[in-house]
Amino acid sequence: FQFGFKKWKSHVTERPWEDRSEIVKELYSELKTVRAPEGSLVTCGNVTYVLLFGWWTSLVYLLISVLMFVTVIGAPYGKLCWKLAFYFLWPFGKSIQKATHPLRKCCLKFPECEAIPEVDEVKETSPLVPHPQPAPARTPGTRSCKPRYWCRVSTYVWLILGYPVLFLTHALVCFFSWTLVFTIPVSKMNARTISIILLMPPELVRIENPKKTEVSSESEVMLCCYRAFNFYYYKYTVDGMNVFAVNLLPLVIITLVIGYADKENRYASSPVKFTTAIGSIIPLSYFIGMAIASISAQSNFAVGAVLNATFGSITELTFYITALLRGFREGNKCYEEIVKSALTGTLLGCILLVPGVCMIIGGCKHQEQRFNSRSAGVGSALLFISVGGVFAPTLFSKAYGNLVCQNCSNTTENATGSFTCHNCHYDLSENNYSLFHSHIEPLVYSVSVLLPAAYLIGLIFTLKTHSHIYDIHISDCHVPGHQHIPVVHWSRWRAVIILIMATLLMSACADLTTLHIEPILSNSRVSQYFIGVTVLAMIPEIPEIVNGIQFALQNNISLSFEVGSSMAVQVCMLQIPVLILFNVFYDVGFVLIFSDLHLWASIFSVILVNYIFMDGKCDYFQGTALVVVYLILLAMYFFAPSPAGC
């Protein structure tokens, strides 16, 4: 995360197994290891399993057991279900093992071997290898010792009457436990039961005593679980993709179905559709970021820079452009104010909320964290340039704009007396033709050219000529690992396909968001400023905020700060110039002039962050200060009057 350039991203490359911690290795275990339990097995997570899944899963097994005994033929499976009923009520510490079939021993025939006498009796030339014996010919009347599992009538009685019900039961438990993420061990246990244990011959299934840790040489461990809950499963990935992003993918499908199939809101209201649409942006923005980082990791500097400049902000730009187009078609200026609020909210969140939360969470684990003050100084200078350039037209308009007041009344009834006016503001729009078209508009175009140029110079500075600045690691936990060639999870073509598909889905979700936000803006008692600054600004950035928190927990607070500064820099130096360029080719009435609240909140935030970043050290108190200031600004937005046009 250097200068808004996501050159590397967590889980883009596959780390060697030997470099991973024991905690991470346990996350990917197949639940087949018998070991001495660490501590008591009676934990909150295990008890929660019994309350959520264990009791009714055990009850289903008891009912199936009775059904199998009634059929008589399925009595062996009835015994199996009876044993599994008690197992799944409390499976922790117990092991399900596959025993060697008793008939298999009758098939073992040893070749005739010569007895080896003691060394002092004969010479060392005694034969040590048995004489080869020809394989005995199989007579036509002999039977195979291999159990004929698929030739039994009881097997098909089980597959018709018992297995489907248990399959559905375990599938439900597997789905809900996987959705909860932290109970993924329960999901693995149920998936393994469906695919392996329930399809084994019943006489081969053995459930061992929980106190027994040794495995017999004539058996194989098929399932052994000790914990139903593991907090560290937030790190779990599926083919390099975080499990939370994978679980949120069905939400995208649900959003598209109810959004475009139910246009008359018969089955879902506009607030529900808006909520699902804005929630769908989270996994899509994650996959877009993963695809960009994967392609950048396999490409040169130029390709990576172009990708980050074009697709790095595609999530936010898709929503902004869609909102501006809808506002232009409906003649509603409120959409433009919402876009400006979202831009400012992203800036404030990246400057205050992201570093503040990372300082607090990292400070709770580490008393004091150090970071690279030189790289932080470069980021602070860039923030000053960005904010100064973005708000230059607003300051210029306030210096030379005309003051316009409404609802003026003369209380003295004298023409020369004083007037009492309400809603006074500067005429900062295109209505003031002379000021806007002759002075403000050229200034906006100049800024929109200078900011991307500064962004390009910053890329060259931080990634080429002065990349050594970012190679200074202050955190105590940074220890060089094994040198290895990184293996990227996604190939280049796969990443390109995912990037294109995620971008198209993002466009559809952004269209649904802007379509169903209008009732919320019209009927909500909350200021439209607040909606734009919070919901529309920060939800697309949730994956990056989570990355920043993970870096802070690893005592690498420098990367946490880079996450926030990279997003803030892209807002000012890429997203806003792109919106201005779009307005040039398709005039939607977007004017780069912000309200006083946006102006002073952004300037104050940049000054505060630069003051805190001066000494290269941070703790949870400084993070608390940033978060409190952010909450104060949110309170101002919450109680602020609705912007003009809303």
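Trainee: Before we start, what is a salt bridge here?
Mentor: A side-chain nitrogen of Lys or Arg within 4 Å of a carboxyl oxygen of Asp or Glu. Keep in mind that this is a predicted model.

Trainee: OK. How many salt bridges does a search of the whole structure find?
Mentor: Nine. One of them pairs the side chains of Arg-206 and Glu-208, at 2.7 Å from N to O.

Trainee: Is Glu-208 buried or exposed?
Mentor: Buried. Its relative accessible area is 11%, and the cut-off for buried is under 20%. Arg-206 is partly exposed, at 27%.

Trainee: What about Glu-264, which residue does it form a salt bridge with?
Mentor: Arg-266. Their closest N and O atoms are 3.0 Å apart. Both Glu-264 and Arg-266 are exposed.

Trainee: And which residue does Lys-398 meet in a salt bridge?
Mentor: Asp-596, with 2.0 Å between N and O. That pair links distant parts of the chain. Lys-398 sits in helix 12 (residues 392–400) and Asp-596 in helix 18 (residues 596–612), 198 residues apart.

Trainee: How accessible are those two?
Mentor: Lys-398 has a relative accessible area of 19%, so it counts as buried. Asp-596 is partly exposed, at 39%.

Trainee: Which residues do salt bridges with shared partners join into one network?
Mentor: Lys-333, Glu-336 and Lys-340.

Trainee: How many bridges join strand 2 to strand 4?
Mentor: Five, with strand 2 covering residues 95–99. Ser-95 is opposite Cys-224 in strand 4. Lys-98 faces Glu-220 there.

Trainee: Why is strand 4 largely enclosed by the rest of the structure?
Mentor: Because five of its six residues, in the stretch 219–224, are buried.

Trainee: Last topic, confidence. What is the mean pLDDT?
Mentor: The mean is 79, and 77% of the residues reach 70 or more. Over residues 103–146, though, pLDDT is below 50. That stretch has 18 contacts beyond near neighbours in sequence. Residues 472–484 also stay under 50, with 16 contacts beyond four places in sequence.

How values were computed: Residues numbered from 1 in each chain as written. Predicted model: local features only at pLDDT ≥ 70, side-chain atom pairs only at ≥ 80, totals over all residues. Heavy atoms only, no water. pLDDT = per-residue confidence, 0-100. Contact = heavy atoms within 4.5 Å. Buried < 20%, exposed > 50% of the residue type's maximum accessible area, 1.4 Å probe, protein only. Helix = DSSP H or I, 4+ residues; strand = E, 2+ residues; numbered from the N terminus. Pairing = 2+ DSSP bridges.
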